[in-house]
Amino acid sequence: MEVSILEYSDKYLKALVRNVPLPLINALRRTIIAEVPTMAIDEVLFIDNTSALYDEIIAHRLGLIPLKTDLDRYKMPEEVGCKDITQCREVAVRLILDVEAKDDIRVVYSGDLKSEDPEITPVSDKIPIVILSKGQKIALEAYARLGRGREHIKWSPVSVSVFKYLPKIEVNLELCTYCGECVKACPRKIFSIEGDNIKIGNIINCILCRACEEACPTKAITVSWESDSFVFYIESTGALPSKRIIVEAFKILKNKLLQLQKKVMEATK
Amino acid sequence: MIIPVRCFTCGALIGDKWEEFKKRIAQGEPPSKVLDELGIKRYCCRRMLLSHIDLIYDVLNFTRPS
């Protein structure tokens, strides 16, 4: 097994993973999407809303705002048996929104949400929640809690979690006439021809579309892929740093396997 | 109506980029360049901003009774 990082920041992670079985990397991908918990607003109590948008629309928009998440201090509601999250302090964070458009049109931003926990705040302060015209006002209490992507996508820590096979392009030099048709056909500009030399650039950019195979008049090109190497890519919503998402996903996956092992051992005793 | 918070297809945050996008388009910059500079790479997210019309400004004056 071999891993090399191609792109890495708090928001993105792209890695080339070699010699790893497909089910393992797919389990990681699915765990990231559906099982890694993050914070999101789940209950909204409206005190006043005279804006043009319905309460439900505003509550939905609030839910979709990604919140910076602290996984160490908060627990899942089912872990502590919390039925009503507005009542459980160890489970939920309260955010308050109270805005009135006094003399002009006023855009209400995610930055206007006042969180009772300074570390659980919206990822961006510039997300419009609602727009108020003169004299309209909105006042509400929102409760954010930990949840998982399998329950609602607003709790998923990633917007993208994908992998593809590592492409493999073979050129039969006995058949190649250096006509340049593949150079023209490739949408990712992978080929280049200099005199009697055909060059293949960055293979990771190949999307396995096989346009070069089709365009080649002498059928000299074969596009295939390595069955145990993958280009893995995740893009965080900002709720958790990309590295933390991977760490948590492996923790959850490992726990599930340990549980399965335990159950099998008990059943066969 | 109002700019969606996230991309309908992939779920990436796009709501916070709308006002800068709108401002720069109004100044005559080409949309493709602005989208690239805002870091919106996929076409699912790009269409969210490109095809959006701020209808909320038309319904803004209809206040609901409190």
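**Exercise 1.** In this predicted model, work out in which order the strands of the open sheet of chain A lie, and which strands form its edges.

*Solution.* Begin with the order: 4 strands of chain A make up the open sheet, arranged as β1-β2-β12-β9, with antiparallel pairing. Next, look for strands that pair on one side only, and you find β1 (2–8) and β9 (158–171) of chain A, which are the edge strands. Finally, from one strand to the next the twist averages 25 degrees.

**Exercise 2.** Describe how β9(A) is joined to β12(A), and find which helices pack on the sheet.

*Solution.* Strand β12 (residues 221–236) of chain A runs antiparallel to β9(A), and 13 bridges join the two. Within β12(A), Glu226(A) is the residue that stands opposite Leu166(A). Turning to the helices, α1 (residues 22–34) of chain A packs on the sheet and touches β2 (12–18), β9 and β12 of chain A, while its direction makes about 155 degrees with that of β9(A). Helix α6 (residues 242–267) of chain A also packs on the sheet, touching β1, β2, β9 and β12 of chain A, at about 100 degrees to the direction of β12(A).

**Exercise 3.** Determine how many residues each chain brings to the contact between chain A and chain B, and which residues form the salt bridge.

*Solution.* Chain A brings 34 residues and chain B brings 25 residues, and the area buried between them is about 2400 Å².

Conventions
Residues numbered from 1 in each chain as written. Chains lettered and ligands numbered in written order. Predicted model: local features only at pLDDT ≥ 70, side-chain atom pairs only at ≥ 80, totals over all residues. Heavy atoms only, no water. Pairing = 2+ DSSP bridges. Axes fitted to C-alpha atoms, helices over the stretch in contact; angles between N-to-C directions. Contact = heavy atoms within 4.5 Å. Buried area = accessible area lost by both parts, 1.4 Å probe. Salt bridge = Lys/Arg side-chain N within 4 Å of Asp/Glu carboxyl O.
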